[in-house]
Structures are given as C-alpha cells and as structure tokens.
Amino acid sequence: MGGWQDGNGTLTVPGREDPVELVVAASYAARYRGLLGRDGLTGAIMLTPCTSVHTFRMRFAIDVAYLDRELRVLDVRTMRPGRLGLPRPRSRHVLEAEAGAMAEWGIRPGVRLSIDGPRRGTP
C-alpha cells in the first residue's frame with residue numbers, strides 16, 4: 001500500500017459513531033494551499049507528509065492534531081490566525097479542523113485514528 005494522494009475520505013475516531021468528512025492534501029500544491037482563502041471548514045483536512053503548520057493569512061482559528069505514522073495523536077493545539085507552530089518530533093501527518101471540533105470529536109493525545117482515504121497505487 002503506497003502513501004496518500006489528494007482527495008476526499010473519512011476520519012473515524014474511536015468512540016464516535018459518525019465518521020468525519022476528510023480532505024487529504026498530499027501534493028505540494030494541495031498542502032501549500034491548505035485552508036488559505038477559506039472562511040470555515042466542514043470536517044477536517046489532513047496534510048501529509050507534514051510536521052508543522054502556520055496560520056498566517058488564515059481567517060479563523062483552527063485545531064491542529066499532530067499524528068505519527070500509525071495515525072496516533074501525538075499532540076493537539078488550537079492556533080489563532082497569524083501563528084507559527086513548532087515542528088513536532090515523530091509527526092508524519094497534521095490534521096486541521098475548526099477550533100473546538102477536535103474536542104467535540106474526542107481527538108486527544110494517545111488516540112489512534114482510522115482514515116479511509118485516497119492512497120497511491122489503489123484504483
């Protein structure tokens with residue numbers, strides 16, 4: 001099974017019945033664009049590979065979860081616009097959502113997430 005590719009998928013959080021809509025940003029262009037120019041977000045976006053993010057030129061506060069290779073949550077932060085996040089050791093992916101969403105979904109350090117999303121090398 002290859003790495004991730006740009007597209008849509010779903011995020012499953014243990015203990016949560018409904019999956020969360022997910023956009024996967026795996027290409028340089030998609031990661032660069034991220035949430036810039038948006039006024040909000042339904043669901044979440046996963047930047048991969050990624051170890052840190054910034055919120056310069058963003059219009060709203062976001063929750064940021066740093067994930068390792070096994071999609072285990074290493075850390076969760078809320079970032080206001082105009083901030084620079086520090087790189088997280090062992091981080092491989094970054095999950096972003098509107099501020100407050102991750103607490104509502106039950107995303108916290110130590111939780112292992114499941115993602116059904118577009119992978120390279122799959123039809």
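Biologist: Hi! Which residues does Asp68 touch, not counting those up to four places away in sequence?

Modeller: Asp68 touches Leu74, Arg90, Arg92 and His93, where contact means heavy atoms within 4.5 Å. Keep in mind that this is a predicted model, where local features need pLDDT of at least 70 and side-chain atom pairs count only at pLDDT 80 or more, while totals for chains, interfaces and linings use all residues. Residues are numbered from 1 along each chain as its sequence is written, and side-chain values use heavy atoms, with hydrogens and water left out.

Biologist: Thanks! Where does Asp68 lie?

Modeller: In the loop between strand E4 (62-67) and strand E5 (73-79). Strands here are DSSP runs of at least two residues, numbered from the N terminus.

Biologist: And is Asp68 buried or exposed?

Modeller: Buried, meaning under 20% relative accessible area, with exposed being over 50% and partly exposed in between (1.4 Å probe, protein chains only). Asp68 has no salt bridge, which would take a side-chain nitrogen of Lys or Arg within 4 Å of a carboxyl oxygen of Asp or Glu. Its nearest side chain of opposite charge is Arg72, 4.4 Å away; Lys and Arg count as positive and Asp and Glu as negative, with His and the chain ends not counted.

Biologist: Which backbone nitrogens lie by a polar atom of the Asp68 side chain?

Modeller: The one of Glu70 is 3.0 Å from such an atom, and the one of Arg72 is 2.9 Å from such an atom.

Biologist: OK, salt bridges next. How many does the structure hold?

Modeller: There are 2. Arg77 forms one with Asp75, with the closest N and O atoms 3.2 Å apart. In the other, the side chains of Arg88 and Asp75 meet at 3.0 Å, N to O. That pair links distant parts of the chain, 13 residues apart: Arg88 is in the loop between E5 and strand E6 (93-98), and Asp75 is in strand E5.

Biologist: Nice. Is Asp75 buried or exposed?

Modeller: Asp75 is buried, with a relative accessible area of 16%. Arg77 counts as partly exposed because its relative accessibility is 42%.

Biologist: Switching topic: how do E1 and E2 pair?

Modeller: Strand E1 (residues 7-12) and strand E2 (residues 20-25) pair in the antiparallel sense over 5 bridges; pairing requires DSSP to find at least two bridges between two strands. Leu11 has Val20 as its bridge partner in E2.

Biologist: What stands opposite Leu11 in E7?

Modeller: Ile115 does. E1 and strand E7 (residues 114-116) run antiparallel, joined by 3 bridges.

Key
Helix = DSSP H or I, 4+ residues; strand = E, 2+ residues; numbered from the N terminus. Polar contact = N/O pair within 3.5 Å; in protein donor to acceptor, adjacent residues only side chain to side chain.
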